Amino acid sequence: TDVYLYVREFDTKSQLPKGNTDELKAKQARLVELRNSIETAKENFIRAGRTMTKANLETIINTHKAVETIPTDILSYLDYLIEKMKSGDFRFKGDEYDKDTIKVWVTFRSIWERFSNEYESKTGNIITWDSIDKQVIDMLIKSMEDYGYLTKTINKYLITFKSMVRYSSDHHNLHNNLKCLSLVSKKTEKEGCSTTKTYLNDAEVQALYEMELPLGSHKDKVRDIFLVGVYTCQRVSDYNNLTRANFSTTSAGTKVIRLTQEKTDTTIVVPILNDNLERILEKYDYQLPKGISDVIINRYIKDICKELSKTTPSLNEYMGTILTLPEIRAEKAGRMTFERNEEGKVIKHRYECITTHTARRSGITNMYKSRMFSTLQMMSISGHKTESNFFAYISESADELADEIASIQKAMNDKKASNEDLF
């Protein structure tokens with residue numbers, strides 16, 4: 001039918017949706033209307049002396065189905081598709097779209113609206129499905145570049161663009177212009193334009209843990225929640241939402257955190273191996289403070305690490321970075337200025353580059369640098385499905401790798417010299 005329901009929304013006793021929202025009430029009314037229409041048609045069949053077969057019943061149901069109108073212009077189609085994703089009526093390989101993916105589509109919708117207005121203003125033409133060609137695609141990319149989007153972000157929205165074109169053709173028969181997909185190629189990142197991958201090493205993490213902050217203050221809570229992210233290697237959407245229900249033990253007695261990652265719907269089991277983590281959890285009776293959003297963490301963690309840099313100088317060092325989209329716009333408008341090195345690259349103190357995501361990157365990098373665990377074991381904790389995605393989180397710099405190689409070589413030379421002394 002034209003009514004879509006989740007199993008949890010259906011009341012088997014009344015055979016109708018349960019709930020009081022306007023959406024569910026509309027579904028209830030539509031199902032009652034369908035049921036009454038089908039019963040009336042069924043009675044008419046019987047009165048006419050006709051046998052009610054499965055084929056006849058399907059004919060009746062199809063007669064009373066509502067015909068859905070699919071918007072044909074691109075912007076309205078995006079609105080339609082996003083609403084279907086939100087309601088769960090449109091799915092990817094049977095799975096509902098998660099809120100982060102929907103957020104990407106919502107942002108792309110804004111990008112497309114701005115671009116299509118620019119295109120119409122410059123060319124005098126309206127973009128249709130059939131008119132999408134290399135010029136349109138190149139102008140879309142240029143529009144995103146001019147607006148300050150990074151290469152990685154542009155590539156993300158190009159994937160969304162390709163999905164939009166494919167869905168509108170394969171699922172909704174709005175056009176046959178799939179050849180335009182071959183014209184979309186991934187942008188290559190320019191030298192020196194990659195995003196900064198800052199992380200806190202073990203010594204810096206320990207210094208942050210031992211830092212004295214007013215007990216129960218916002219800074220105290222933010223620091224503790226951030227450290228939970230480091231010690232568990234999870235995303236902020238997961239480490240900031242832990243409750244008592246997430247903590248248990250294995251049959252062998254290992255204390256663990258069991259959770260289903262919000263972004264990927266991956267179920268993982270994280271062993272509690274760090275005494276600092278256990279003490280933080282005990283401090284809050286295994287119920288982390290509520291109301292500390294990612295925005296609050298991002299605001300406070302920079303100030304906390306700036307304060308910590310007075311006793312941990314490595315946090316005060318400069319590092320090359322890139323500006324965020326709001327920073328680019330603020331700089332262009334003359335509201336902000338940023339330091340640059342002799343190559344013209346933006347530089348910031350390390351404490352300025354720390355965000356909620358630094359927690360996950362720090363945990364994964366430090367776990368990797370310990371050389372104690374296999375890739376499979378580390379991925380079972382981080383929740384990554386592929387090695388390439390996992391290793392993208394490792395933040396060892398070229399200097400750190402060089403130091404490590406030199407250290408290994410020195411250890412081998414010392415061992416060789418020690419063996420020679422035995423003879």
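**Salt bridges and a surface patch**

Author: Both Arg350 and Glu204 are buried, where buried means under 20% relative accessible area, exposed over 50% and partly exposed in between, with a 1.4 Å probe and protein chains only. This is a predicted model, in which local features need pLDDT of at least 70, side-chain atom pairs count only at pLDDT 80 or more, and totals for chains, interfaces and linings use all residues. Residues are numbered from 1 along each chain as its sequence is written, and side-chain values use heavy atoms, with hydrogens and water left out.

Reader: How far apart are the closest N and O atoms of Arg350 and Glu204?

Author: A salt bridge is counted when a side-chain nitrogen of Lys or Arg lies within 4 Å of a carboxyl oxygen of Asp or Glu. Arg350 and Glu204 form such a pair, and their closest N and O atoms are separated by 2.6 Å.

Reader: Is Asp285, which meets Arg244 in a salt bridge, buried or partly exposed?

Author: The side chains of Asp285 and Arg244 come together at 3.1 Å, N to O. Because its relative accessibility is 46%, Asp285 counts as partly exposed.

Reader: Which residue forms a salt bridge with Glu331?

Author: Glu331 has a relative accessible area of 25% and is therefore partly exposed. Its side chain meets, at 2.7 Å from N to O, that of Arg340.

Reader: How many salt bridges does a search of the whole structure find?

Author: Salt bridges that share partners join Asp220, Arg223, Asp224 and Lys283 into one network. For the whole structure, the search gives a total of 17.
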